[in-house]
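Look over the model first.

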Amino acid sequence: MTKTNIKYFNPNPKKNEKIGDCVVRAMCKATGKDWDTVYKELCELGFELKAMPNDNITWQEYLKRNGFERKKISIKKGQKRPTVDQFARENRKGIYVLRVAHHLVTSHEGYYYDTWDCGRKAVYSYWEKTA
């Protein structure tokens with residue numbers, strides 16, 4: 001089996017890995033902000049939007065406000081979606097937030113950053129830092 005391009009990343013100050021904070025972790029890596037700041041900003045935005053901080057509506061708006069643009073994965077009939085690991089290897093320049101089933105992860109310069117290896121998960125869409 002080939003080695004994946006994961007880099008362990010857990011900005012949670014308590015280093016809790018099983019608490020469902022992938023949205024906060026992904027936003028930390030994507031924006032360069034610390035966990036507490038991102039969590040507070042997502043909560044404030046969620047309050048403004050009347051949605052939970054990790055709801056799709058909230059984190060997508062958060063990314064827009066932080067200079068990211070949503071992109072779709074285009075696949076031809078019969079092809080498989082790229083995996084997180086494949087996407088990272090093929091996109092060695094830039095910062096991306098990848099949406100996979102029940103999870104978000106950030107890819108930056110050929111690596112993906114997470115507390116566990118989600119490299120085999122299929123990418124459904126992604127957000128690219130454009131501003």
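This is a predicted model: local features need pLDDT of at least 70, side-chain atom pairs count only at pLDDT 80 or more; totals for chains, interfaces and linings use all residues.

Residues are numbered from 1 along each chain as its sequence is written, and side-chain values use heavy atoms, with hydrogens and water left out.

Q: How much space lies in the largest cavity?
A: A cavity is a set of points on a 1 Å grid over the protein atoms alone, where a 1.4 Å probe fits but cannot get out. Grid points are joined across faces, edges and corners, and volume is the space filled by probe spheres set on the points. The structure holds 1 cavity of 30 Å³ or more. The space in the largest cavity is about 50 Å³.

Q: Which element gives the most to the lining of the largest cavity?
A: Lining residues have an atom within 4 Å of a point. Helices (H or I, at least four residues) and strands (E, at least two) are DSSP runs, numbered from the N terminus. Two or more lining residues come from each of α1 (22-31), β4 (103-108) and β5 (111-114). The top contributor, with 4 residues, is β4.

Q: Which residues of α3 are buried?
A: Buried means under 20% relative accessible area and exposed over 50%, with partly exposed in between (1.4 Å probe, protein chains only). Helix α3 spans residues 56-65. The face turned away from its buried side carries the exposed Ile57 and Lys64. The buried residues are Thr58, Trp59, Tyr62 and Leu63.

Q: Which residue caps the N-terminal end of α3?
A: The backbone nitrogen of isoleucine 57 lies 2.9 Å from a side-chain oxygen of the capping residue. That residue is aspartate 55.

Q: How much space lies in the largest pocket?
A: A pocket is an open set with protein on both sides within 12 Å along at least five of seven lines. At least two lining residues come from each of α1, α3, β3 and β4. Trp59 is among the lining residues. The space in the largest pocket is about 180 Å³.

Note on methods. A polar contact is a pair of N or O atoms within 3.5 Å; within protein, one must be able to donate a hydrogen and the other to accept it, and residues adjacent in sequence count only if both atoms are side-chain atoms.
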